[in-house]
Amino acid sequence: MALSLSCCTSLYIHNQVRLSNHVNIKNNLKIVKNLVHSAGVPSIAIPPQESLQKGNWVKLICGASFEDVVDIRNLSLVYTLAGVDCIDCAADASVVSAVNEGIEAAMNIVPIRRPWVMISVNDDEDLHFRKAAFDPLDCPLDCSRPCEAVCPANAIVLNKGDSLEGGVINERCYGCGRCLPVCPYDKINAVTYLRDAVTTAQLVRRNDVDAIEIHTNGRQTDSFEEFWSGMGDSVSNLRLVAISVPDVGKATTTVMNTMFSIMRPNLSCYNLWQLDGRPMSGDIGRGATREVLAFAVHLAATEDRPPGFLQLAGGTNAQTVKGLKEHGLFQTRRNPDDGILTGEISNSCNSLIGGIAYGGYARKIVGRILRSMQSQHGLAYIEDCPAYLSEALREALALVGSVKCYVHPGIHQE
Ligand code: SF4
Ligand code: SF4
């Protein structure tokens, strides 16, 4: 299924009335600059690869299927200011442009270093690459509409008239699947799609894409080999290749090693293994992070894993760092001689866990501020509403800062 938007962020927003008091905005942005500086966002200067080596890499996941360019642009701005190392988004030209717009806008406020932009693709059917779909005309008029209430992305909007009108807002649906089981009439379908290697290679050749993430099912490697080969020499443009793998038990490392041997001949950049715990669930509750922690413990204890950084995702939230600390895996390394874990990371070795990617949880804590801003100002640039930007930035700094160990009295860390 081809996924694209007809307009880019600028067009969306220029159609709205922009706030006029630019002098006040400029003055109020000083608060934002002070927040970034007083938090001591170290990533103002530290390159993303160094964060991976130190174990404090943070990636914002906008969502492999999330394509609301207005939200994506504002999320990218907020999390760039908070010092993330990478922003992961759908492999769609409009979405990539929106991410880069947000990054540029952040860099115009504070001269922070640019995070890498990563596009997410799949080599086979995958939960992250689907959209919910239903025909509201098929829905009973008296349905209590639990689908609307359960959607974390506000992607289902229904209006009651002589029949139900509206339905799924395609660009906002990111495929979490929560609406599917709650429909009492079984009216909702999941429409899956594949990102093709040729279109992906074209995107990778743009000068504003730095990294790619390939979602795999962790069981067989034929489709991965086909996708990798379809990318051709475009992979030489990349700074990082991430492979997302689920925990399939003992076979996990065997499959990882096979995929690494497929990539190795033309891999000329860093590589990373994204340990995908419980997909798209970090916003559900504290316990959602347990699966990815168990996966990290499993991989950390495995001797024959292939080269590459390890990074957590899938269910990650404010509890993830705490869980890593409890397992002795936070910013530690395994001494190659005696196998003992140590908190000291020297210049010559990498941390055991490179970092954490946050998706649904990161979008939730900032998203509620974006919703509140939109209810007051419509589809605005968040930097035009500095009070909202400050509030959003505090949330983002608390989350990113828990990995990067920012210290600031104004930032609440769990
Ligand atoms: S609940 Fe999830 S799958 Fe359903 S519409 Fe919302 S984002 Fe899409
Ligand atoms: S819950 Fe099912 S039947 Fe009810 S409005 Fe949603 S899709 Fe239609």
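1. Two residues are taken to be in contact if their C-beta atoms, placed from the backbone, lie within 7 Å. On that basis, and leaving out residues up to four places away in sequence, W273 touches I243, V245, M256, G308 and L310.

2. The model is a predicted one, in which local features need pLDDT of at least 70 and side-chain atom pairs count only at pLDDT 80 or more, whereas totals for chains, interfaces and linings use all residues. Residues are numbered from 1 along each chain as its sequence is written, while chains are lettered from A and ligands numbered from 1 in the order in which they are written.

3. The chain has 14 helices and 14 strands; these are DSSP runs numbered from the N terminus, with helices being H or I of at least four residues and strands being E of at least two. Of its 414 residues, 49% count as buried. A residue is buried if 20 or more other C-beta atoms lie within 10 Å of its own, exposed if 12 or fewer, and partly exposed in between, with C-beta atoms placed from the backbone. Among contacts between residues at least 6 apart in sequence, 78% join residues at least 24 apart.

4. W273 belongs to strand β10 (residues 270-276). W273 is buried because 23 other C-beta atoms lie within 10 Å.

5. The largest nonpolar core holds 117 residues, of which V78 and A296 touch the most other members. Helix α14 (residues 386-404) gives the most to this core, with ten residues. The core lies between domain 1 (39-127 + 193-363) and domain 2 (130-192), because both give residues to it. Such a core is a set of buried Ala, Val, Leu, Ile, Met, Phe, Trp, Tyr and Cys residues joined through C-beta atoms within 7 Å, and the domain bounds come from an automatic or database domain assignment. Apart from its neighbours within four places in sequence, A296 is in contact with L275, L310, L312, L324, L329 and I353.

6. In helix α8 (residues 197-204), the buried residues are A197, T200, L203 and V204. They lie on the same side of α8, because they cover an arc of only 120 degrees around the axis; the arc is that of the directions from the helix axis to the C-beta atoms. These buried residues pack against α5 (93-109), β3 (116-122), β8 (211-215) and α9 (222-230).

7. Around ligand 1 there are 14 residues, of which A132, C151, C173, C176 and C179 come nearest. A residue counts as near a molecule if its C-beta atom, placed from the backbone, lies within 6 Å of it. The shell of ligand 1 has eleven nonpolar, two polar and one charged residues. Here Ala, Val, Leu, Ile, Met, Phe, Trp, Tyr, Cys and Pro count as nonpolar, Asp, Glu, Lys and Arg as charged, and the others, Gly among them, as polar.

8. Ligand 2 is surrounded by F134, C139, C143, R145, P146, C147, L158, C183, Y185, K187 and I188. This shell has nine nonpolar, no polar and two charged residues.

9. Two non-glycine residues deserve a check of backbone geometry. N154 has a positive phi of about 50 degrees and sits in the loop between α6 (146-150) and β5 (156-160). N154 is partly exposed, with 13 other C-beta atoms within 10 Å. D186 has a positive phi of about 55 degrees and is placed in the loop between α7 (179-182) and β7 (189-192). D186 is exposed, with 9 other C-beta atoms within 10 Å.
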